[in-house]
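Biologist: Can you walk me through this model? I would like the overall picture, then some individual residues.

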Amino acid sequence: MIYDECMQFRRSLTCILLITGVCLPALAGNNPDLCEAHDWFQMRDHVADGNASLLCKGAVDASFENRDAAERELETVIQKQPHSASSYRAHEILSTMYLREGRYRQAAAQLDQMLVEKPDAEDVQAAHSLFAVLTRYPDQTVASSEPSTLRGETIEDNLFIPVSAHGITGTYIVDTGANLSMMCESEAHRLGLKLDTTSTKVADIGGKDAAVRIAVVPDLWIGKTHLKHVAFIVTSDAAMPFVELPEGHKGVLGIQVLIALGTIRISRDNRVDIGVGPAPASAKVVPLAFDSAMPVTQMSLNGKALNFTFDTGASTTYLGPVFASAFPDLMRTGSKKDHKLTGVNGSTTQDSSELPSVRFQLGKEVELKPATVMLEASFMNSEWSVGNLGYDLISQAIPITIDFRAMQLRVEDR
């Protein structure tokens with residue numbers, strides 16, 4: 001395995017950048033701003049019923065990439081309820097939406113307003129240090145884009161696609177779970193990039209701090225899509241997954257890049273189509289949403305829809321405590337195991353249960369065999385998500401299209 005071992009490092013970075021939880025806390029009584037936490041698909045139905053607050057409408061529109069509506073609604077909340085918990089939350093939602101789009105100046109402006117309200121908020125301060133560096137550069141933009149077909153490769157259940165970065169070819173991991181693109185030091189030097197240091201620190205799974213540095217690729221080509229000013233976190237060459245990858249493969253395409261591509265169709269033989277049109281009418285549609293910068297989707301089990309984080313950069317799908325609580329009968333078929341998770345500077349062992357097999361529906365049947373159920377909250381969002389859906393199961397559903405414009409997955413029969 002390559003990428004699941006560094007999952008905790010990436011999730012720790014997510015915690016810093018995305019500041020706090022993504023929904024309002026559950027408030028007592030009939031507070032008009034009450035917004036049920038994390039189940040964005042249920043929340044969308046609640047908003048459609050016409051009973052939601054303006055803040056909740058803005059949160060849902062941001063989650064489903066209805067950007068203009070989200071801006072209008074959240075700015076109205078800020079104007080009408082200044083210096084309130086609701087306005088603070090609106091700033092937070094806007095900051096994460098702008099982060100996903102690579103609009104770093106606007107994200108930093110929202111953090112500025114949050115620090116006015118809570119100047120001692122350490123998580124916001126940490127994020128602000130990173131954005132202070134990002135704002136020295138222009139925001140990421142799409143210079144041009146045309147549909148194109150690429151020939152990718154799969155290494156240890158990670159999908160890599162060819163790129164041209166700063167005029168130099170490479171092959172980088174497609175990672176919907178990375179809230180910023182990443183590369184290691186040697187790759188940054190290979191590309192001739194300048195490194196900027198921030199005071200932001202991230203803790204890996206072993207609890208040790210790692211410095212965050214930034215490099216910006218002036219021109220990034222993926223097929224016939226030309227992106228400008230693409231920011232990358234730069235880590236040590238010894239960090240997972242880079243220590244195990246050959247030269248030219250030591251990069252990760254994060255969510256800003258993938259959203260900019262619009263649609264990504266993955267089919268057999270590692271064919272990847274960028275900017276594809278509609279799928280066949282027979283294709284099964286699976287919903288997508290954003291929980292901060294993390295995509296969320298649904299798989300079903302025994303007819304029950306279950307929310308999973310959608311992480312193409314994780315080679316292995318993990319289930320978590322929510323799954324264990326929801327399916328006690330299945331859990332009785334498992335055997336207890338110690339599961340090792342490795343971070344940048346160390347490892348930790350956590351309690352897990354290994355089930356022989358679990359069969360989910362992701363537009364078509366996919367099988368997790370064996371199925372590892374982490375018994376502690378060991379990955380980001382494991383307090384509410386059933387699991388982290390990795391590329392081992394996603395690849396079983398191909399041909400599959402990831403559509404960040406329509407916010408859906410389309411799974412074809414063939």
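Biologist: What should I know about the source and the numbering?

Modeller: This is a predicted model, where local features need pLDDT of at least 70, side-chain atom pairs count only at pLDDT 80 or more, and totals for chains, interfaces and linings use all residues. Residues are numbered from 1 along each chain as its sequence is written, and side-chain values use heavy atoms, with hydrogens and water left out.

Biologist: How many helices and strands does the protein chain have?

Modeller: The protein chain has 12 helices and 24 strands. Both are DSSP runs numbered from the N terminus: helices are H or I with at least four residues, strands are E with at least two.

Biologist: And what share of the residues counts as buried?

Modeller: Of the 414 residues of the protein chain, 58% count as buried. Buried means under 20% relative accessible area, exposed means over 50%, and partly exposed is in between, with a 1.4 Å probe and protein chains only. As for contacts in the protein chain with a separation of 6 or more, 66% come from residues 24 or more positions apart. Contact means heavy atoms within 4.5 Å.

Biologist: On to rings. How many aromatic pairs are there?

Modeller: A search of the whole structure finds seven aromatic pairs. Rings of Phe, Tyr and Trp (its six-membered ring) pair if their centres lie within 6.5 Å; planes under 30 degrees apart count as stacked, over 60 as edge-to-face and the rest as tilted. One of the pairs is phenylalanine 308 with phenylalanine 360: the centres are 5.5 Å apart and the planes are at 80 degrees, so this pair is edge-to-face.

Biologist: Where do phenylalanine 308 and phenylalanine 360 sit in the chain?

Modeller: Phenylalanine 308 is in strand S15 (residues 304-310) and phenylalanine 360 in strand S19 (residues 358-361). They are 52 residues apart, and the pair links distant parts of the chain. Phenylalanine 308 and phenylalanine 360 are buried.

Biologist: What about phenylalanine 323 and phenylalanine 327, how are their rings set?

Modeller: Their ring centres are 5.0 Å apart with the planes at 35 degrees, so that pair is tilted. Phenylalanine 323 and phenylalanine 327 are buried. Phe308, Phe323, Phe327 and Phe360 form one aromatic cluster.

Biologist: Which charged ends sit over rings?

Modeller: Arginine 44 has its charged end over the ring of phenylalanine 64, 4.1 Å from the centre. Lysine 118 has its charged end over the ring of tyrosine 88, 4.3 Å from the centre. The test is NZ of Lys or CZ of Arg within 6 Å of the ring centre and within 35 degrees of the ring normal.

Biologist: Changing topic: at what angle do H6 and H7 pack?

Modeller: Helix H6 (residues 104-117) and helix H7 (residues 122-134) pack at about 150 degrees, with axes 9 Å apart. Axes are lines fitted to C-alpha atoms, for helices over the stretch in contact, and angles run from 0 to 180 degrees between N-to-C directions.

Biologist: Which residues make the contact?

Modeller: Among them are Leu111 and Leu115 of H6, and Val124 and Phe131 of H7.

Biologist: Last, histidine 249: buried or exposed?

Modeller: Histidine 249 is buried, with a relative accessible area of 13%. Not counting residues up to four places away in sequence, histidine 249 touches Glu153, Ile155, Phe160 and Thr171.

Biologist: And serine 236?

Modeller: Serine 236 is in the loop between S9 and S10 and is partly exposed at 33% relative accessible area. Serine 236 and cysteine 184 are 52 residues apart in sequence and 5.5 Å apart in space, C-alpha to C-alpha.
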